[in-house]
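Reader: I would like to go through this model term by term and hear what stands behind each label.

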Amino acid sequence: MYKITKKRVLNSSTVMLEFDAPLIARRALPGQFVVLRVDEPGERVPFTIADSDERTGAVSVIFQIAGHSTRKLAALSEGESVLDLVGPLGRASELDGFRSAAVIGGGLGIAIAYPQARALYERGARTDVIVGFRTRELTILEEELSAVSSELTVMTDDGSNGNKGFVTTALQRKLEAGAKYDAVIAIGPLPMMRAVCELTRGYGVHTIVSMNSVMIDGTGMCGCCRVTVGGERKFACVDGPDFDGHLVDFGEAAYRSRMFLEEERISSETHVCNLTGGVR
Amino acid sequence: MAGKNMSLEKTPMPEQEPGVRSRNFDEVALGYTDGQAMAEAARCLGCKSSPCVAGCPVNVRIPEFIARVADGDFPAAAEIVTSSNALPAICGRVCPQEKQCESLCVRGKKGESVAIGRLERFVADKLLDAAADGAAAPAAGGTAPIGRGADRPRVAVVGAGPSGLTCAGELAKLGYAVTVFEALHTPGGVLVYGIPEFRLPKAIVRREIANLTSLGVEIITNVVVGRTIPLDELLGTAGYSAAYIASGAGLPKFQHIPGENLNGVYSANEFLTRINLMRAYEFPQYDTPLRVGDTVAVVGGGNVAMDAARCAKRVGAKNVYIVYRRGEAELPARLEEIHHAREEGVVFKFLTAPTRLEGDGDGFVRSMECQEMELGEPDASGRRRPVIKPGGVFTLDVSTVVVAIGNTPNPLIVSTTPGLAAESWGGVIADEETGATNRPGVYAGGDAVTGAATVILAMGAGKKAAAAIDVYLTQKG
């Protein structure tokens, strides 16, 4: 059992949980993930490590309440536990040698991009952070990100914070203004990562994306997380999750992410009915 | 002693009817009654030369235990079996006996061999029934400190599959403090994620593992050696004096044909793990989903392919095909599994090689283009090589494809353990007799060394390595 030591509700649909997991905290590096199982009937779900602290043994994840598993997880309180937590899994992000980088986070990707931004900033790299939200009320982690960025740009789709547009709008502005990056690191929903890659391709900027594929074991065993990179089959869990974004087959990744959409709907509906008698 | 039973055939073992069992996950073979077991045991001639024993990778003293069964002294029979086999209830169910002990049985020269596997299962089940449950449950890693002070030399075992568990059991019996590290949330390895409930009930696996923990073996789940903790740290600051790598053959192979990344195309590992480990057949009560359409094609002809095909039937597929590029005689699966699959309505498409998978435009597999094959000259494996039959191309409509063409060793340990020698295909290089690797104190065995093989061979390797580790630690002092 892995105890929840801290819980923060970041916005209406986004939650941060911190776990007591000293073995994982000891070795966790930016870009790595954990696999978590809430309870005995639970599925194994991968979550990128949002933060970890070797001294306190804390490992945190940030997630959006999207389906049955995340709803169950979000319902837990501080002091309660999840059944299984394993990690750190995957390869750490390769950030060495970057003197200047843009870290792009879309939606929940912001939480995932935070460790990368911090690592780059702490190494003395110029770190421009660009994050995007649908609307101002959904903005999360602004303070934390600000502390680890050379320049933080917050975009909203509806312009409610005075900065209307997508993350690509802001990135394009910077690139057009002559910003030189050794790398762009884009983390978030597939369409956003794809759009960033299409933009940076034209500028010839090396772009790293983090693939959040469907997984079971997270150690290379099931092959469910396969992704085509430069025409080769890769497993996101052991070969990634970071890949060269200009080589990723995003079309395939998009349909693979919808593999169990129907089952997720059934699962959500069944359990909402069981829990609430049909009231949502 | 009762008189010999000179029947030419094995005493049949009761089974669930095919029409019933192909819709449930309960065990297919129901086991012998006392009377059936004693009757079958009376078929053993008790040969002095005991050829069967040499055919067993862990050298169970077969005629001795069978003689006790014939006498009705089941506890004595169990004691003989467990003295050489740590997991007999499992071996009695999943060993390819017809290629091992039973293939050498003198009775098999005229008629059927003695049903050694069935008798082993009978004896082991008797023992499990008699043993009280409630041995220590495995601890989960991450919160418990790894490496506690112990006055005995400590050995780390990587992987709680058949090889690691056997090695751990043997070492515990020799007085060592043994910790088994398991990456998944449940110990058992392929016994829990791969082999289905209807062939090997998970309750049996749990009870066999409980027997090991009652010997003092410590099992820590949720620890991926190489990621959570490197092997060198276990052998260094964590204070283990030796290690046994039994991390299995976890990495699924694909055919590398177009369309293999379509939705609805599973590796056998994924398909079986969803069903067996994660209980997707009880979705949505269990959360892990599995989508299986009306028509399932399983590619491959081994035991894993049979397991996948029979699972597909049970989760509701109407048509299940085994698509295999060689002929029936070349099928590597156990005869019993082939027979059971056929009884349950699985259709075999021999001399058929998939060449392309087509999608439905929405990312889901819709059809499989196949090439008819014919058999040519024998290849390195001694089986006749399949060659393309000119013109024989046809299309199968499928909604699910399971690729069961084998696994290679998981590269995690090798890639995170500097200086550990491995083959180009990923297998750890280890001495066949001792399991010794090129690193002193580091031993390896089972599928991590050989690539995908059988439970019993992995167990045999674990047993040999335990003996070698004992010698190593004794000499080291």
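**Cavities and a surface patch**

Author: The lining of the second largest cavity divides into 10 nonpolar residues, three polar and one charged, where Ala, Val, Leu, Ile, Met, Phe, Trp, Tyr, Cys and Pro count as nonpolar, Asp, Glu, Lys and Arg as charged, and the others, Gly among them, as polar. The model is predicted, so local features need pLDDT of at least 70 and side-chain atom pairs 80 or more, while totals for chains, interfaces and linings use all residues. Residues are numbered from 1 along each chain, chains are lettered from A, and side-chain values use heavy atoms.

Reader: What makes a space the second largest cavity, and which residues are closest to its centre?

Author: Its volume is about 100 Å³. Among the 14 lining residues, B:C56, B:C95, B:C101, B:I116 and B:E120 are the closest to the centre. A cavity is a set of points on a 1 Å grid where a 1.4 Å probe fits but cannot get out, and lining residues have an atom within 4 Å of a point.

Reader: How large is the largest cavity, and which helix gives the most to its lining?

Author: The largest cavity has a volume of about 120 Å³, and α4(B) gives the most to its lining, with three residues; a helix here is a DSSP run (H or I) of at least four residues.

Reader: Why is B:M6 called exposed?

Author: Exposed means over 50% relative accessible area (1.4 Å probe, protein chains only); B:M6 has 53%, and is therefore exposed. B:M6 also forms a nonpolar surface patch with B:L45 and B:V106, a patch being made of residues with over 30% relative accessible area and no salt bridge, nonpolar side chains being joined within 5 Å.

Conventions. Patch = residues over 30% accessible without salt bridge, like charges linked within 9 Å, V, L, I, M, F, W, Y side chains within 5 Å. Areas by Shrake-Rupley, 256 points an atom, 1.4 Å probe, with all protein chains shown as cover. Salt bridge = Lys/Arg side-chain N within 4 Å of Asp/Glu carboxyl O. Buried < 20%, exposed > 50% of the residue type's maximum accessible area, 1.4 Å probe, protein only. 1 Å grid on protein atoms, 1.4 Å probe; cavity = no way out; pocket = protein on both sides within 12 Å on 5 of 7 lines; lining within 4 Å. Points joined across faces, edges and corners; volume = space filled by probe spheres on them. Helix = DSSP H or I, 4+ residues; strand = E, 2+ residues; numbered from the N terminus.
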